[in-house]
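The following exercises are meant to be worked through with the sequence and the model in view. Each task is followed by a solution in steps.

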Amino acid sequence: MARILIIDDEKGICTAIKDILEDEGYAADYALTFADGFAQLKKNVYDILFLDIWLPDKDGIDGLRDIKSYFPDLEVVIISGHGNIENAVEATRRGAYDFLEKPLSLERILLIVKHLTDKFQLMHVLRETRSDLIKKYDIIGVSRPITELKKKIEKIAPTNAWVLINGENGTGKEHVARLIHMLSRRSKEAFVEINCAAIPSELLETEMFGHEKGSFTGAVSQKTGKFEEADNGTLFLDEIGDMSQPSQAKLLRVLENNSFTRVGGNAPIKSDFRLITATNKNLEEEIESGSFREDLYYRINVVPLTVPPLRERKEDIPILMQYFIREACSLNGLELKKVSFQLMELFMAFEWPGNVRQLKNLIERMVVLSEHETMDIDDAPDFLRALEEEKFDSENGAALRNAKENFEKQYILQTLQANDWNISQSAKILEIERTYLHRKIKVYGLEKYKPAEGRG
């Protein structure tokens with residue numbers, strides 16, 4: 001429930017408002033002077049203030065200015081015994097929510113408080129939603145490259161500086177762009193994305209700037225471009241390194257003049273957007289080869305950020321695995337799965353050419369297909385299992401490998417026979433996962449050694 005303060009030099013009005021508010025379940029206090037009321041505002045947290053415009057120690061309008069400078073989120077309702085249009089307009093201009101004339105309508109007071117309480121609840125929901133969105137796009141990891149990237153994002157996000165994000169495919173460049181937007185002052189406005197690699201060059205101009213009706217065959221109506229949609233928000237040009245030279249020239253003119261025209265139109269259009277670009281290419285090399293304009297590069301490269309590939313932040317792999325497993329299990333309504341030590345080692349050894357995107361997709365596939373509580377090497381795709389064999393071959397000579405295999409084969413066989421081929425019991429004695437034991441049985445072809453009387 002909202003907490004309310006009344007500042008009025010008439011005690012009868014204060015107590016009347018206080019009593020009716022408390023009857024409705026609200027917490028209310030009052031003060032008879034501005035100084036006393038201002039002291040209470042500093043001491044306690046209030047949501048709503050009813051402020052008399054005529055006070056013995058201060059004019060209410062001037063007091064409103066002081067209150068709003070200290071407590072900008074406090075909703076203030078002005079009370080006046082000498083109401084006029086000028087006072088009402090001035091109070092509203094200085095941030096008052098409403099203006100009431102004496103004699104006061106207690107029903108009107110309750111209605112105002114209810115409306116404000118509903119507003120507070122809605123704002124709470126919106127803040128929670130925004131917090132959830134920020135968590136969704138938070139960058140997961142504790143490695144040094146990721147920690148440094150997070151610090152840079154936190155520093156530049158509240159500014160209006162343009163950003164160029166570099167990184168390989170799958171590293172999460174769009175993820176970073178969205179996080180910057182959500183942490184910026186433009187977070188309540190639109191985040192508009194254009195994938196420069198996915199749109200044919202002949203259609204990119206109308207996608208960026210829009211077109212007028214009849215400007216070309218098929219233009220049956222006016223179209224608003226992405227640049228216009230991003231007004232007061234953030235414009236994200238993904239894979240800008242794939243943009244054609246003619247489109248680069250048009251983009252540069254817009255960025256320099258801060259205005260554009262729709263295709264087939266003449267009227268200049270202005271849009272106040274923050275520009276974030278991303279590329280998986282080395283733009284300096286693209287400049288040398290003549291594929292990218294140098295002047296455009298220096299225009300967009302105000303604050304460069306690099307999203308590191310997964311192979312350069314391998315200490316983050318266990319954290320990412322656990323995160324994606326929880327996400328995949330929750331999404332598919334499954335019990336939370338675990339990861340064997342052997343599988344974790346395999347994931348750490350792999351180079352991940354597809355980066356975080358590849359890791360996430362593979363984890364979800366394994367979570368859905370695995371029939372065991374603990375995912376093991378057997379649940380991994382062939383390319384990962386092959387890596388284990390290659391690692392083994394590279395670390396051991398042929399003679400030593402054969403000796404080890406023979407010993408392991410006989411030891412596993414003897415353990416299985418001694419436990420009447422009880423897989424669970426044998427795995428416990430061997431101190432390995434059941435799925436790993438099944439794999440060894442298959443690799444060594446042990447079933448043909450299994451005595452007929454021991455089966456069952």
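A charge sits over a ring if NZ of Lys or CZ of Arg is within 6 Å of the ring centre and within 35 degrees of the ring normal. The model is predicted, so local features need pLDDT of at least 70, side-chain atom pairs count only at pLDDT 80 or more, and totals for chains, interfaces and linings use all residues. Residues are numbered from 1 along each chain as its sequence is written, and side-chain values use heavy atoms, with hydrogens and water left out.

**Exercise 1.** Determine which rings Lys42 and Lys58 lie over.

Solution. Begin with Lys42, which is placed over the face of Tyr70 at 5.3 Å from the ring centre. Turn next to Lys58: its charged end is over the ring of Phe34, 5.7 Å from the centre. Finally, note that Phe34 and Tyr70 belong to a cluster with Phe38 and Phe71, linked by ring pairs.

**Exercise 2.** Classify the pair of Phe227 and Phe260, and state whether each ring is buried or exposed.

Solution. Rings of Phe, Tyr and Trp (its six-membered ring) pair if their centres lie within 6.5 Å; planes under 30 degrees apart count as stacked, over 60 as edge-to-face and the rest as tilted. The structure holds 14 aromatic pairs. For Phe227 and Phe260 the centres are 6.0 Å apart and the planes stand at 75 degrees, so this pair is edge-to-face. Helices (H or I, at least four residues) and strands (E, at least two) are DSSP runs, numbered from the N terminus. Because Phe227 lies in helix 9 (residues 226-229) and Phe260 in strand 11 (residues 259-260), the pair ties together parts 33 residues apart in sequence. Buried means under 20% relative accessible area, exposed over 50%, partly exposed in between (1.4 Å probe, protein chains only). Phe227 is buried at 0%, and Phe260 is buried at 5%.

**Exercise 3.** Describe the surroundings of Ser271.

Solution. First locate Ser271: it is in the loop between strand 12 (269-270) and strand 13 (274-279). Its relative accessibility is 3%, so Ser271 counts as buried. Next, list its contacts (heavy atoms within 4.5 Å). Apart from neighbours within four places in sequence, Ser271 touches Phe227, Glu228, Ala230, Asp231, Asn258 and Phe260. Lastly, the side chain of Ser271 reaches the backbone nitrogen of Asp231 at 3.4 Å.

**Exercise 4.** How many disulfides does the count come to?

Solution. Apply the rule that a disulfide is a pair of cysteine sulfur atoms within 2.5 Å. The count comes to zero.

Terms used:
Polar contact = N/O pair within 3.5 Å; in protein donor to acceptor, adjacent residues only side chain to side chain.
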